[in-house]
Amino acid sequence: MTLQTLDPRAPWVISTHDLGRRPGSMRQMSLTLPAPANLGVEMIGVPVGADVELDIRLEAVMEGVLVTGTAQAPLRGECARCLEEITSETEVGFQELFFYSAEDAAEDDSLLDGELLDLEPVFRDAVVLTLPLSPVCSEDCEGLCSECGVRLADAEPGHKHEVIDARWAKLQGLVPEDNNDQES
Ligand SMILES: [Zn+2]
Ligand SMILES: [Zn+2]
């Protein structure tokens with residue numbers, strides 16, 4: 001828990017002004033916010049600045065403001081097997097209690113800064129949990145050919161390489177004869 005001063009102009013900083021502090025008062029909102037930077041894991045994430053669609057409910061409770069919501073965000077990444085670009089979407093749910101006072105809150109709890117709360121860390125934690133460490137372009141992606149590196153989904157069906165013994169390769173003319181005889 002860190003006491004921080006929030007910038008009211010930051011996109012993910014939400015004002016609870018209209019809510020008041022009366023327990024039970026509630027406010028719903030739908031908003032579109034730009035995705036923050038560095039939101040992802042190694043191979044997939046939400047592109048910075050992409051539209052994140054949020055539906056949230058702010059609810060005044062005794063100790064603070066309870067935020068419950070869902071967020072939809074686009075994802076961009078790379079298939080862990082064939083390295084093809086992947087675009088998809090994630091939808092996450094989250095709930096966080098923002099405490100009025102640090103005295104009521106534990107070490108990891110979130111705090112209001114006056115009437116402001118910062119939704120970004122809540123959204124960030126929710127999204128990162130849903131991201132696959134090994135994203136795939138499709139469940140049955142066969143990856144790349146271990147011999148030539150071609151993407152197997154793009155190759156002829158049954159793509160494979162004849163494994164030819166080096167001695168036979170010579171006879172088949174696949175490997176040029178050495179021309180020592182002619183040169184000497
Ligand atoms: Zn793939
Ligand atoms: Zn191959």
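## Zinc site

Cys145 is buried at 9% relative accessible area, whereas His159 is partly exposed at 28% (buried is under 20%, exposed over 50%, partly exposed in between; 1.4 Å probe, protein chains only). This is a predicted model, in which local features need pLDDT of at least 70 and side-chain atom pairs count only at pLDDT 80 or more, while totals for chains, interfaces and linings use all residues. Residues are numbered from 1 along each chain as its sequence is written, chains are lettered from A and ligands numbered from 1 in the order in which they are written, and side-chain values use heavy atoms, with hydrogens and water left out.

Cys145 (SG), Cys148 (SG), His159 (NE2) and His161 (NE2) coordinate the zinc ion (ligand 2) at 1.9 to 2.3 Å (donors are N, O and S atoms within 2.8 Å of the metal, 3.2 Å for Na, K and Ca; water is not among the atoms, so sites may look incomplete). Along the chain, the donors of this zinc ion are spaced C-x2-C-x10-H-x1-H.

## Salt bridges

The whole structure contains six salt bridges (a side-chain nitrogen of Lys or Arg within 4 Å of a carboxyl oxygen of Asp or Glu). One of them joins Arg57 to Glu59 at 3.3 Å, N to O; Glu59 is buried at 19% and Arg57 partly exposed at 28%.

Arg151 and Asp154 form a salt bridge of 2.9 Å, N to O. Arg151 is buried at 16%, and Asp154 is exposed at 56%. A network of salt bridges links Glu84, Arg151 and Asp154.
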